[in-house]
Amino acid sequence: MQIYADNAATTKMSRAAIDAMLRCMEEEYGNPSSLYGIGQRAKDIMEQARADVAGVIGAEPGEIYFTSGGSEADNQAIRSAAEMGKKQGKRHIISTAFEHHAVLHTLKKLEQEGFAVTLLDVHEDGLVRVDELEAAIREDTCLVTVMFANNEIGTIQPIREIGAVCKKHGVLFHTDAVQAAGHLPIDVKADNIDMLSASAHKFHGPKGVGFLYARKGIRLVNLIEGGAQEKGRRAGTENVAGVAGMAAALKESAAHMQENAAHMQKIRDRLIKGLSEIPHSALNGDASKRLPGNVNFCFEGIEGESLLLLLDDRGISASSGSACTSGSLDPSHVLLAIGRVHDVAHGSLRLSIGEATTEEEAAYIVRNVKEVVEYLRGFSPVWRDLTSGKTPFIL
Amino acid sequence: MALYSEKVMDHFRNPRNVGVIEDADGVGEVGNAKCGDIMKMYLRIEDDIVQDVKFETFGCASAVASSSMATELIKGKPVSEALKLTNKAVAEALDGLPAYKMHCSVLAEEAIQSALDDYYSKHPEKKPEA
């Protein structure tokens with residue numbers, strides 16, 4: 001059995017997205033900046049894609065800027081808010097400890113440039129507290145950036161309430177919605193969102209394309225200088241096939257959002273129930289305020305990379321927040337942010353299921369994770385010390 | 001290209017000499033759970049020969065494979081040879097490790113040295129003259 005359970009990493013492209021792209025590559029290959037017919041037809045496709053994307057999140061087409069993906073959108077949003085803040089003498093930004101590195105590393109740079117950054121605690125359940133956020137707002141706060149849903153543990157933040165607080169205090173609010181777009185309902189006006197980042201390949205679109213929503217009146221700074229594309233805010237010939245594929249994928253995801261979420265949630269909860277039967281394991285993040293497809297566990301006494309590779313041998317593609325899989329000595333900053341100690345964070349497993357995941361596959365996953373965890377614990381000196389009482393269990 | 005060589009994957013999937021030796025002549029444990037790798041080596045030594053060796057490892061695939069290979073390299077060998085085992089020899093026997101995983105082979109070398117140190121602390125008369 002082959003089961004792809006890493007949809008938070010990337011998704012399989014939808015047929016609609018592929019068809020939309022093929023049309024741009026095979027027929028409508030013009031440059032949208034060209035004045036003749038084939039160029040203008042490409043421009044029409046692109047503008048239709050912009051309108052489609054805007055429609056899904058309740059924005060105006062003129063508020064959508066196409067980018068190379070979520071990271072670029074995050075960078076541009078934060079840089080833009082910082083620039084606007086600087087002009088008013090405001091150099092304080094509020095975010096959370098478990099943002100994506102596209103946000104955290106941009107904030108780190110801004111700190112080096114003289115900005116002050118407050119990272120909010122996300123607590124054991126992986127949720128920002130709105131009152132704590134409000135208390136952190138200062139006279140010189142120019143931006144609050146909080147992710148819509150976390151990419152590792154899937155927890156969904158109280159976005160609408162955060163947006164309302166920001167609005168009340170006149171502070172810009174950006175959200176990295178890379179894991180949420182196409183999976184959760186988003187209405188930028190009702191949710192009080194000033195800027196939002198998204199990435200196509202997380203909702204069955206192509207890689208290398210995303211978008212930034214920036215409310216009318218927000219002046220974006222350019223990360224790429226050159227031609228006047230994207231209203232002069234993002235130079236370079238547009239990725240027409242990419243944006244057409246993204247719009248097709250997003251429209252389709254939005255059209256089936258409710259039924260997809262209901263199905264995935266059922267499978268998710270079945271996985272959570274099954275994996276909870278493993279002794280000395282724990283679900284990471286709140287059990288209900290989480291993405292319909294996200295399951296994230298820590299298993300005490302084992303290391304995540306070994307678990308992943310043995311699951312791969314059994315046809316299951318998943319991911320882990322262990323140091324070995326992150327390429328550094330520290331395990332996932334997200335797991336550390338919710339208070340998991342290093343010893344336990346190394347033994348994490350993320351399963352991110354998709355619309356196509358079946359009950360039968362979920363049962364297969366549970367059975368195999370149980371077997372592999374037991375096998376690895378069988379020759380783990382850490383597990384031996386835990387079971388012999390030499391060291392106390394954490395989970 | 002795959003993450004690991006076929007040899008690493010073979011030793012990871014089918015680790016040799018896994019387990020515990022009760023009343024071992026030397027036991028060594030190195031690494032810590034904080035960093036994500038712990039190796040424990042058990043030695044049975046008779047007539048200055050490593051008659052048996054077993055390991056337990058908490059860690060990634062290269063940590064398991066390094067432990068496994070290290071046990072193979074010293075099993076049945078004179079203690080004097082086991083003392084000379086290097087991380088380089090372990091990594092080479094595995095057809096190489098990714099640069100950022102070389103520390104796993106270092107841990108394997110240290111685990112065996114630590115088990116031998118334990119053996120000598122119990123049998124100081126066996127300790128070779130410096």
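Helices (H or I, at least four residues) and strands (E, at least two) are DSSP runs, numbered from the N terminus. Axes are lines fitted to C-alpha atoms, for helices over the stretch in contact, and angles run from 0 to 180 degrees between N-to-C directions.

The model is predicted: local features need pLDDT of at least 70, side-chain atom pairs count only at pLDDT 80 or more, and totals for chains, interfaces and linings use all residues. Residues are numbered from 1 along each chain as its sequence is written, and chains are lettered from A and ligands numbered from 1 in the order in which they are written.

In chain B, the axes of helix H2 (residues 61–74) and helix H5 (residues 102–122) come within 8 Å, crossing at roughly 45 degrees. H2(B) and H5(B) are therefore oblique to each other (under 35 degrees is roughly parallel, over 145 roughly antiparallel, 65 to 115 roughly perpendicular, and the rest oblique). The table lists the residues in contact (C-beta atoms, placed from the backbone, within 7 Å).

| Helix | Residues in the contact |
|---|---|
| H2(B) | Ser62(B), Ala63(B), Ser66(B), Ser67(B), Ala70(B), Ile74(B) |
| H5(B) | Cys104(B), Ser105(B), Leu107(B), Ala108(B), Ala111(B), Ile112(B) |

Also in chain B, strand E1 (residues 26–32) runs antiparallel to strand E2 (residues 37–46), and seven bridges join them (strands pair if DSSP finds at least two bridges between them). Asn32(B) is opposite Asp37(B) of E2(B).

Methods:
Two residues are in contact if their C-beta atoms, placed from the backbone, lie within 7 Å.
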